[in-house]
Amino acid sequence: MSTLPAAGPHADNAVPKRRRSTDPVGIVSFIALVVTTFLMLLPLFFMVSTSLKSKKEMLKFPPTFLPESWQWSNYKEIFDTLSFGTMYMNSLIIGVLTVIGTLLSSALAAYGFARYRGKGSNTWFLLMLSTMMLPYPAIMIPQFILFSKLNWIDTFLPLIVPGVLRLSVQHLPAAPILLDAP
């Protein structure tokens, strides 16, 4: 059973009260952070307010910040027109499979690169790192040709497989060997 520390002016374990800072640099920093936060949230607020405008009001110039009449039916129309549930489920499937596949493949590759030293292992590691440094526009067309030859067009595979094969091995070499199983 734990006991509470003694209260009073002579208590050894008393926690001192924290004083509010009146430091001018701290106050200016806080005001700058509040202003920056407001500026960062402004586009989100404008997007939501625009989604509640009528079509005529959306196209009006100069734009108004708040809608004249709130059109909550816009959201009902989107859910009625589009199969939002199907799109959400597709995104969930792709996201979950990509994360699981990336975790598994990256952990296996990183462990191999970090713990096993052999002839040419540095060369393989540099080759893998150099493929990670290629900009996507450089491989976009060859990747599309490959996916079309594999008959993967209009399937989830082109969205999942590249994410799974994009290995993240840069952090495991720093892990201590003590974490390895005996």
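Local features were taken at pLDDT of at least 70 and side-chain atom pairs at pLDDT 80 or more, while totals for chains, interfaces and linings use all residues of the predicted model. Residues are numbered from 1 along each chain as its sequence is written, and side-chain values rest on heavy atoms, with hydrogens and water left out.

The protein chain contains seven helices and zero strands, where helices (H or I, at least four residues) and strands (E, at least two) are DSSP runs numbered from the N terminus. The order of elements from the N terminus is α-α-α-α-α-α-α. Of the 182 residues of the chain, 17% count as buried; buried denotes under 20% relative accessible area, exposed over 50%, and partly exposed the range in between (1.4 Å probe, protein chains only). Contacts are defined by heavy atoms within 4.5 Å. Among contacts between residues at least 6 apart in sequence, 48% join residues at least 24 apart.

The largest pocket holds about 450 Å³ of space. Its lining is made up of 14 residues, of which Thr 131, Ile 139, Gln 143, Pro 162 and Arg 166 are the closest to the pocket centre. Two or more lining residues come from each of helix H5 (121-132), helix H6 (136-149) and helix H7 (157-165). The largest share, five residues, is given by H6. For this analysis, a 1 Å grid was laid over the protein atoms alone: a pocket is an open set of points where a 1.4 Å probe fits, with protein on both sides within 12 Å along at least five of seven lines, and a lining residue has an atom within 4 Å of a point. Grid points are joined across faces, edges and corners, and the volume is the space filled by probe spheres set on the points. By class, the lining has 11 nonpolar, two polar and one charged residues. In this classification Ala, Val, Leu, Ile, Met, Phe, Trp, Tyr, Cys and Pro are nonpolar, Asp, Glu, Lys and Arg are charged, and the others, including Gly, are polar.

The buried residues of H7 are Pro 158, Ile 160, Pro 162, Gly 163 and Val 164. Helix H4 (84-115) and H6 are among the elements that cover these buried residues. Phe 113 is located in helix H4. Leaving aside neighbours within four places in sequence, Phe 113 is in contact with Ser 121, Trp 124, Phe 125 and Met 128. The C-alpha atoms of Phe 113 and Phe 125 are 7.0 Å apart, with a sequence separation of 12 residues.

Five aromatic pairs are present in the structure. In the pair of Phe 79 and Phe 84, the ring centres are 4.9 Å apart and the planes stand at 75 degrees, so the pair is edge-to-face. Rings of Phe, Tyr and Trp (its six-membered ring) are paired if their centres lie within 6.5 Å, with planes under 30 degrees apart counted as stacked, over 60 as edge-to-face and the rest as tilted. Phe 79 is partly exposed at a relative accessible area of 46%, and Phe 84 is partly exposed at 38%. One aromatic cluster is formed by Phe 45, Phe 46 and Phe 65.

A salt bridge was assigned where a side-chain nitrogen of Lys or Arg lies within 4 Å of a carboxyl oxygen of Asp or Glu, and the count comes to two. Lys 60 is joined to Glu 68, with the closest N and O atoms 2.7 Å apart. Lys 60 is partly exposed at 33% relative accessibility, whereas Glu 68 is exposed at 62%. Lys 76 and Asp 80 form a salt bridge with an N to O distance of 2.8 Å. Lys 76 and Asp 80 are four residues apart in helix H3 (residues 73-81) and therefore separated by about one helical turn. Lys 76 is exposed, with a relative accessible area of 54%, as is Asp 80, with 55%.

Most residues other than glycine have a negative phi, and most peptide bonds are trans. The peptide bond from Phe 61 to Pro 62 is cis, with omega near -5 degrees; Pro 62 is placed in the loop between helix H2 (55-58) and H3. Positive phi values occur at Asn 151, near 60 degrees, and at Asp 154, near 65 degrees. Asn 151 lies in the loop between H6 and H7 and is exposed at 65% relative accessibility. Asp 154 is found in the loop between H6 and H7 and is exposed at 80%.
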